[in-house]
Amino acid sequence: MKRRVCILSFSPIYRDARVLRQIEYLSPHYDLTVIGYGPPLQEWPDVQWLPVTVKSSLITRVMGFLLMVLGRVIPPLYTFWYWSKAHHREALENAVTSRADVYHANDWNALPVAAEAARRYGSKLVLDAHEYAPLEFEERRWWRWFYRPLVLYFLRRYRGQLNASMTVAPAIAERYAAELGFSPITVLNAPVLVPVEQHDIDPNNIRLVYHGGASPDRRLERMIETLEKTERRFTLHFIMVDETSPYVQSLKQLARRLEPERIQFHPPVPPSKIVDRIAEYDIGFYLLEPSNYNNSVALPNKFFDFLAAGLAVCVGPSPGMARMVKEYGFGCVTPSFDSGAASQTLNSLTAEEIARMREASRSTAQLFNADREMGKMLELYRHLFDDSDNQ
C-alpha cells in the first residue's frame, strides 16, 4: 500500500504554483490529501481534497488582536491566538481524519496544524518554509512589532519536531540553519519544462512581460515609469493574478496616463499554462527593489518561468536574481532601480543581444527545472520512509 501524505497550505491552491508542483510530483508515489483554500482540482482525481474556509467575526478578530498583543509579554498566549481561528481548527480536524504518515506544512502558519496532527499519530513532519518567515514583511513596522515575535515563537516551538524541511533559496536555507537551528534543503521554484514555440525577434517591436501577483510592496509602477522612458520599439505586458485589485487598477490608470499605447494588461492564466503563454514575448522584466531580506535574495517563480519560456531576462540589482543572470548570461541587470537607469539598460540592447540571451535562457532552463528541483523533494521523502522502515 502507498504511504499517506497530507499537504497543508493556507493559500488558494489553484494558483499556488509551488504547492501545485508538490501535488504533481508526490501524487504518483503516495496517497495524497490536500488541505487549503478553494475547490478540488480536476487534474488529480485520486487526490483527496479537504478545503477550509476563513470565517471570522468582529469578536474573534478583537480577541485575536488582544492575544497577539499580550503574546509579546506572555509568548504562550500565541498558541491561544492561533487556535482561536476557526480555519486553523477546521484544518486540524481535516488533517487528523487523513491519518497521514507525513504531514507537509507549507509556510509557518500551517506548521502548528501539521505538528499537532503528526504528534497524535507519531507521523513525520515536513516544513516547506518558502521564504525566511521571520522577515517576511519586515519593512512594515506593525508587522515587525506584532507578527515577527509570533512567527519566531512557532518556528522555535516546533523545530525540534521537524523530520525534514525545505526552502526556496540557498541564502534562506543558510539563515535558517544559522539562526533557528534547522537545515532546510533548497528546492528552487522552477516549473516543469514544456515545449514552447520559438519566434524571431522583431527589432521594431520588442515585447517585455511581467506576470504574477500585484502587491504595492513590489512597486510595479517602477516598470511602467521605465517603459515611458524607453525607445518606442519596446512594449510592456502585464499578466496579473489579482487583476481586479485596487492596486492593479491604480497601475492601469498610471499606464493610461503615461503610455496608453505601449502598455497592456492581459487576463491571468493558470500556473500550468503560464510558461506557454509568456513564450510569445521577448524579455521577462522584473524590478524587485530589496525592501526586505526576502526580496534581496528572492528567486521567485516568475524568474524560472522566464527561463523555461526561453525569454531574455532583465532584472534590477536584487542580489539573488542578479547573481544568476550574470553567472549564466541569460539577461541583463540594471545598475539601479531608478526608472531612468533601467530604461538606459533596455535601450542599449540590440535584437542580436536579446537573441543570444534567449539562447542562454533555454540552456539554463535545462539546469533549473521542476524535474531536478522536485526530484530533491522526492529524494527527501524516500529517505524519510527508509528511515521509518529501518527503525
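A disulfide is a pair of cysteine sulfur atoms within 2.5 Å. I start from that cut-off, and I keep in mind that this model is predicted.

**Entry 1: cysteines**

I looked for disulfides and found zero in the structure. I then checked Cys314. Its sulfur has its closest cysteine sulfur in Cys332, 3.5 Å away. Is Cys314 buried or exposed? Cys314 is buried, at 0% relative accessibility. I looked up Cys6 as well: its relative accessible area is 0%, so Cys6 counts as buried.

**Entry 2: the whole chain**

I counted the elements next. The protein chain has 16 helices and 13 strands. Along the principal axes, the C-alpha atoms fill a box of roughly 65 × 45 × 40 Å. I noted that 55% of the 391 residues count as buried. I also took the contacts between residues at least 6 apart in sequence: 70% of these join residues at least 24 apart.

**Entry 3: the second largest pocket**

I turned to the second largest pocket, with a volume of about 260 Å³. Its lining has 15 residues, and Lys55, Ser56, Thr60, Arg61 and Lys85 are the closest to its centre. Which elements give two or more residues to this lining? They are α2 (58–71) and α4 (86–98). I see that α2 gives the most, with five residues. By type, I noted six nonpolar, six polar and three charged residues in the lining.

Notes. Residues numbered from 1 in each chain as written. Predicted model: local features only at pLDDT ≥ 70, side-chain atom pairs only at ≥ 80, totals over all residues. Heavy atoms only, no water. Buried < 20%, exposed > 50% of the residue type's maximum accessible area, 1.4 Å probe, protein only. 1 Å grid on protein atoms, 1.4 Å probe; cavity = no way out; pocket = protein on both sides within 12 Å on 5 of 7 lines; lining within 4 Å. Points joined across faces, edges and corners; volume = space filled by probe spheres on them. Helix = DSSP H or I, 4+ residues; strand = E, 2+ residues; numbered from the N terminus. Nonpolar A, V, L, I, M, F, W, Y, C, P; charged D, E, K, R; others polar. Contact = heavy atoms within 4.5 Å.
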